[in-house]
Amino acid sequence: MRGRDAAAAIAQRLVEQTGAAMLSRDFDAFAAYFRLPCLVATPEGARLLEHEDELRGIFERLSAHYLGFGDVTLDRRVIEAMFDGPDLLRFSFRTTALVDGTVAEATIAAHSTAARDGDTWHITDNHALVAQDSVQNTVLMHAGLPEGTPAPDGTPEVLAIFQKNLDALTCAYFTGDFDRMRAAIALPLFKQGSRGPQLFATEDELRADFEKYLTEIRLRGITDLVRTVHSAHALGAARIHGSCRTHVLSGEQLVMPSYLSAITLEQGEDLAWRMTSIMHPLETMTLDRVVWGGA
């Protein structure tokens with residue numbers, strides 16, 4: 001196997017084995033597939049897991065949650081996977097909890113990165129598209145932390161970097177400047193939202209999506225996109241995770257209610273900051289859904 005087939009096979013093995021470890025309550029088997037520090041993110045926010053106790057806290061809570069359904073199985077399937085260089089694997093997948101073949105709770109979409117250590121692949125980050133009031137969101141954001149631990153604060157520098165990226169994207173759409181948009185995005189780019197997972201691996205794929213946006217923005221009379229930082233903080237030396245609120249306007253009228261999206265930026269070897277993932281809210285009208293013809 002080569003290329004995406006090989007990437008998908010490795011990713012499928014990772015999601016199946018971590019799922020099996022949760023159902024067998026085997027933390028050692030589960031932890032063997034992760035490298036710390038490990039980023040976990042939801043639309044609410046993000047954490048950098050630096051200690052095994054933090055990973056164990058998440059594992060124990062998720063295991064208990066799934067086993068609480070009874071005779072449960074986890075159907076975990078890779079949607080997209082690709083190598084990003086020889087030692088990095090990026091993939092999206094979905095998880096469905098089943099009891100006697102019946103769906104026990106809403107399917108969860110996620111995307112992850114895994115790094116190669118010799119002949120072994122270890123997960124280094126996981127972004128889960130979950131509702132704010134879901135068990136998974138509470139577990140990923142808070143399990144394993146001392147009670148009352150405050151959310152990390154963003155420094156003025158981090159907030160400015162995040163806003164600059166948002167402004168570059170907005171300006172690119174309204175000037176038709178693909179190169180400017182491309183400069184603010186790293187490939188591959190993962191998107192998660194109500195339209196499902198999307199992976200943009202090439203400039204041609206990204207350009208096609210950009211052109212569709214431009215056409216529909218004109219046809220629908222969208223005159224402005226206002227994106228403001230809601231939160232942003234550094235996770236390690238070269239990664240920023242934050243959220244922004246988007247207002248889509250036609251003149252002075254909102255085209256839809258404003259909404260929050262979660263975005264991850266990473267700093268390249270050239271020291272430039274670029275978007276690597278975006279999560280739109282579940283079951284909420286977003287610009288994506290307007291552009292692609294509604295719900």
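The count of salt bridges comes to 13. A salt bridge here is a side-chain nitrogen of Lys or Arg within 4 Å of a carboxyl oxygen of Asp or Glu. This is a predicted model: local features need pLDDT of at least 70, side-chain atom pairs count only at pLDDT 80 or more, and totals for chains, interfaces and linings use all residues. Residues are numbered from 1 along each chain as its sequence is written, and side-chain values use heavy atoms, leaving out hydrogens and water.

Helices (H or I, at least four residues) and strands (E, at least two) are DSSP runs, numbered from the N terminus. Buried means under 20% relative accessible area, exposed over 50%, and partly exposed in between (1.4 Å probe, protein chains only).

R4 sits in helix 1 and E80 in strand 3 (residues 72-83), 76 residues apart. R4 is partly exposed at 38% relative accessible area. E80 is partly exposed too, at 27%.

D125 belongs to strand 7 (residues 120-129) and R239 to strand 11 (residues 239-250). D125 is buried at 4%, and R239 is buried at 17%. Together with E266, D125 and R239 are linked in a network of salt bridges.
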